[in-house]
Amino acid sequence: MLRFNLRQIEAFRAVISAGNMTQAGEVLGITQPAISRLIRDLEEEYGLQLFVRKAGRIEPTKDAFALHAEVERCYGELEQMVKFATDLGSFRRKRLRIASIVGHSYFLLPEIIKLFHAQCPDVTISLFSGTSPQVVEHIERGQSDIGLALLPLDVHGVTIQEMPETSLVTVLPKGHALCALDEIKPADLAEVPLLLISESSLMRKRLLQAFKDAAVAPNVILDSTYTGPICSLVASGMGVSIMDVLTARAYADLEIEIRPFAPNIPCELKLVLPATQALSQPAKVFLDILRATRHAEE
């Protein structure tokens with residue numbers, strides 16, 4: 001077992017620096033007998049003679065000079081470590097790392113990031129866009145401070161918080177025959193060319209289950225890892241899509257129309273946060289803005 005008494009080392013450094021035990025005690029705020037006892041204990045602990053008395057004075061031995069050189073080297077490394085930890089904490093306090101599913105990176109976060117920057121202009125922002133599992137992984141590994149993902153997923157090592165829930169909607173080319181309906185059901189889409197999010201998406205799996213429950217085989221002619229391009233293709237008349245309402249509304253200026261989809265399929269957007277590490281102040285400010293914005297949209 002490593003035995004190390006930092007107070008003894010502090011006393012030793014002070015005596016070497018001051019040249020006598022009385023002044024060393026004054027530097028450390030303790031008495032001269034206390035300094036003497038710490039030095040004696042250090043010598044006994046390691047079998048050393050660090051000082052000899054000559055004409056009422058103490059002089060360091062060769063062992064003392066050798067030990068002092070090593071102590072100063074270690075203290076220098078310790079100071080570097082303290083500086084590193086301080087800089088690391090300062091870096092974390094002045095940086096915000098966000099991980100989000102792709103669609104919300106485009107259509108939810110830009111305005112919130114802008115509002116956050118106005119409040120915290122000295123904070124550097126990093127934004128990672130990916131799939132929900134990738135977002136969760138980023139938070140688990142400490143690579144991001146705040147995550148936005150579509151859940152439920154089989155997650156662990158993170159904290160999940162609720163966000164206002166939205167639903168899937170049908171996106172149709174302007175003037176499409178189905179635009180006459182108030183809502184679109186799987187039966188209405190039998191044999192209609194569909195452009196959908198990729199098969200790995202939780203949204204896609206729930207959507208296909210709705211078609212299966214309605215005994216309708218979806219005519220999927222294209223899938224995409226990202227819903228943005230799908231809206232442009234729908235506007236061109238290539239087919240119909242079903243997607244989250246946030247993305248659909250973002251492309252509302254295209255030649256498309258939006259109708260509710262039935263049955264209701266919720267988009268369970270969740271906040272994914274670290275399970276153990278406390279949130280930095282920038283992260284707390286960002287979450288306040290995010291929640292206020294989302295509630296205002298309800």
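Visitor: What makes I160 count as partly exposed?

Guide: In this predicted model, I160 has a relative accessibility of 33%. Buried means under 20% and exposed means over 50%, with partly exposed in between. The value of 33% therefore puts I160 in the partly exposed class.

Visitor: Where is I160, and which residues is I160 in contact with, leaving aside its neighbours within four places in sequence?

Guide: I160 is found in strand β6, residues 158-162. Leaving aside neighbours within four places in sequence, its contacts are L151, V155, K270, L271 and V272. For L271, 111 residues apart from I160 along the chain, the C-alpha separation is 5.7 Å.

Visitor: Why is M243 called buried?

Guide: Its relative accessibility is 0%. Buried requires a value under 20%, so M243 counts as buried.

Visitor: What does M243 touch, not counting residues up to four places away in sequence?

Guide: M243, placed in strand β10, touches S167, L168, V169, V171, M203, T227, I230, C231 and A248. Another pair to inspect is M243 and L195, 48 residues apart in sequence and 9.5 Å apart from C-alpha to C-alpha.

Visitor: How do you know whether H104 is buried or exposed?

Guide: The relative accessible area of H104 is 8%. The cut-off for buried is under 20%, so H104 is buried. H104 is found in helix α5, residues 102-107. Beyond its neighbours within four places in sequence, H104 is in contact with L109, P110, D244, L246 and L269.

Visitor: L109 also belongs to helix α6. Why are the buried residues of α6 said to line one face of the helix?

Guide: Helix α6 covers residues 109-119, and its buried residues are L109, I112, I113 and F116. Viewed down the axis of α6, these residues fall within an arc of 100 degrees, so they line one face. K114 and A118, on the other side of α6, are exposed.

Visitor: What puts the buried residues of α8 on the same side of that helix?

Guide: The buried residues in α8 are M203, R204, L207, A210 and F211. They cover an arc of only 120 degrees around the axis, and therefore they lie on the same side of α8. The face turned away from the buried side carries the exposed residues K205, K212 and D213.

Visitor: Which strands do the buried residues of α8 pack against?

Guide: They pack against β5 (146-150), β7 (166-173), β8 (193-197), β9 (219-224), β10 (240-244) and β12 (266-267).

Visitor: How does the reach of α8 compare with what is expected at 1.5 Å a residue?

Guide: Helix α8, residues 202-213, has twelve residues and reaches 17 Å from its first C-alpha to its last. The expected span is 16 Å, and the two values are close. A215, which follows α8, has a positive phi, near 55 degrees.

Visitor: Why are α2 and α3 called roughly perpendicular?

Guide: Helix α2 (residues 21-28) and helix α3 (residues 32-46) pack at an angle of about 100 degrees, with axes 8 Å apart. Angles of 65 to 115 degrees count as roughly perpendicular, so α2 and α3 belong in that class. The contact is made by M21, T22, A24, G25 and L28 of α2 together with Q32, I35, S36 and I39 of α3.

Visitor: How do the residues of the contact of α2 with α3 divide into nonpolar, polar and charged?

Guide: Five are nonpolar, four are polar and none is charged.

Note on methods: Residues numbered from 1 in each chain as written. Predicted model: local features only at pLDDT ≥ 70, side-chain atom pairs only at ≥ 80, totals over all residues. Heavy atoms only, no water. Axes fitted to C-alpha atoms, helices over the stretch in contact; angles between N-to-C directions. Helix = DSSP H or I, 4+ residues; strand = E, 2+ residues; numbered from the N terminus. Parallel < 35°, antiparallel > 145°, perpendicular 65-115°, else oblique. Contact = heavy atoms within 4.5 Å. Nonpolar A, V, L, I, M, F, W, Y, C, P; charged D, E, K, R; others polar. Buried < 20%, exposed > 50% of the residue type's maximum accessible area, 1.4 Å probe, protein only. Expected span 1.5 Å × (residues − 1). Arc of directions from axis to C-beta.
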